[in-house]
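Here's a quick tour of the structure shown below.

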Amino acid sequence: MADEKKMGERTKAASDFIKGDTDSAVFLGNPHIDNLMTIVIAMGAEIWSDRQRMRIVEHLLSTKGKVTTEMIEQYVPTNEQKAAWAAERDAMAKRVYSVMARDTSGAKPFGEERKFN
Amino acid sequence: MMDRRTLVGVGAALTTAVSSFFGGRKAEAKAKDMAYPKGTMQPRGHVERLERFANLSLESRQDFLMSFRTWANGDLGRTANARADEILKSKGIPKDNQLSQAEAIELLKDDPIIAMSTRGWCSAQQLMWSGLKEEFEGNADRYLSEMEAADKMGPGKLELNANLKLPDYVKHEIHIQPGGYVGSEFAGHMYHYGTNAFYTGRNFNDELHVGSANNMPIPKDGKVMRILDVGCGIGQLALALKERFPNAEVWGIDVGGPMVRYAHLRSVERGLDVNFSQRLGEDTQFPDNYFDIVTSYIMFHEVSPEGTAAQVKEAMRIVRPGGIYYPLDFKLNGAPRRTAYGMYRGWMDHRWNNEVWTQKFRTNGLPDMIRKAGFDLNEKEPELLRGFGILNATKPA
């Protein structure tokens, strides 16, 4: 949160607003399942964040022989790296989340016995 | 392009130099120390025109959320759309049957894939905003210092109006942006970075705004001395218009003080002489017949019907005879008929993306309002943005 004391001394431009209620939306029948979905997407973002950092560390070590936090943060990827990392990122999203699109029209109830001939 | 940390030093030095000839450099150093305590990371440069996020972790997380959004709108969206078709078929409803929106929602809302698609979109949107809010509000000192420094600088001017009485319709958290356009000091920052996800990578150079500016029609007499962008947000179209018409006096007005403040920051960064002011589109305060071109960029679908009528009337007052009025927005006439899934998504956008006024925008008859206000309306050309509505109005000479 913002530092209220410092904010009080500042030039302000914001005013009152009408809060939305999307935080209370339930699309999956149970708010905790909705929460889990949010967690799963957030975890994907965290994993990608670490993976991208690792790519930069690997690159710096192989080209400069050393690495510092500043070097990592300041690193500007080449156009080739940008394209390669974007492809890797998009492939990861597809690989991890594609199960969401699986056909559930034939879903079986938990208690249903399987029938054999 | 100037980086924002430099602005802090320059702004402080300029202020102090007025009272003390030798005080400028000291003030510059002091202001920088306050805004960026020792150990603060150096600026990370720009991606095209957009300043990079303050740290790699935030940049990567936002990048991933954009990727997820693209996948969810693509593969998952297509699967959800196909599911909607299957559901209609299973109920014996022809695909071209014009269901009501309520019927479409009732039919589709409980399907697991469609619900998962909705949840995925919503979660990504919420995570994107919460990450931005945490960054900008959590580092308020830095970002406020940058804006305060730019407030005092030109070439264009900034007018904030703390006493402006805002109509309620502008106070909503449109797109579920925290605080909306008026309620957070960092509304402009959040909007700029947040819409990057919406534009999926076509926002680093204001691409759509530049394209719109370049396609903007001009009055028949060729005279373009003054231009106004109403509801200018963070000033992307206004700045693009200034680039196309460098000799024109260009204004951007918006009800959101934080939005015009950020717009001004961007104009200072880029050295463009555009004036930004916190004003109402219904009451612009400009003289009659003042502008050669009045425009707006995808604004009216976020305006109430009453606000829309009042703004069109005001546009008629301030456009000069022979001048152009072009409010760019979603297509109204000639838009394809919406499928059941399209109506479901429309509701999702209205209700859960908090696009409070979009549904009414589709039925409030904006083209007729423009004609009734006295403009000659051309709905055939030119198209500013592919797939968007054409409302090229001229005030009779």
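**Where the chains meet**

In this predicted model, 56 residues of chain B are in contact with 45 residues of chain A.

- Sorted by class, the side of chain B that touches chain A has 23 nonpolar, 19 polar and 14 charged residues.

**Chain B as a whole**

- Chain B is built with 14 helices and ten strands.
- Its radius of gyration is 23 Å, close to the 21 Å that the globule rule gives for 397 residues, so chain B is as compact as a globular protein of that length.
- Along the principal axes, the C-alpha atoms of chain B fill a box of roughly 85 × 55 × 35 Å.
- Of the 397 residues in chain B, 48% are buried.
- Take the contacts in chain B with a separation of 6 or more: 75% of them link residues 24 or more positions apart.

**A pair of helices in chain B**

- Helix α8 (residues 207–215) and helix α9 (residues 236–244) of chain B have axes that come within 8 Å and cross at roughly 50°, which means α8(B) is oblique to α9(B).
- The crossing of α8(B) past α9(B) is right-handed.
- On the α8(B) side, the contact is made by B:His209, B:Val210, B:Ser212, B:Ala213 and B:Asn214.
- On the α9(B) side, B:Gln236, B:Leu237, B:Ala240, B:Leu241 and B:Arg244 take part.
- The residues of this contact between α8(B) and α9(B) split into five nonpolar, four polar and one charged.

Key: Residues numbered from 1 in each chain as written. Chains lettered and ligands numbered in written order. Predicted model: local features only at pLDDT ≥ 70, side-chain atom pairs only at ≥ 80, totals over all residues. Axes fitted to C-alpha atoms, helices over the stretch in contact; angles between N-to-C directions. Helix = DSSP H or I, 4+ residues; strand = E, 2+ residues; numbered from the N terminus. Parallel < 35°, antiparallel > 145°, perpendicular 65-115°, else oblique. Left-handed = near helix turned anticlockwise from the far one by under 90°. Contact = placed C-beta atoms within 7 Å. Nonpolar A, V, L, I, M, F, W, Y, C, P; charged D, E, K, R; others polar. Rg over C-alpha atoms; globule rule 2.2 N^0.38 Å. Buried ≥ 20, exposed ≤ 12 C-beta atoms within 10 Å, placed from the backbone.
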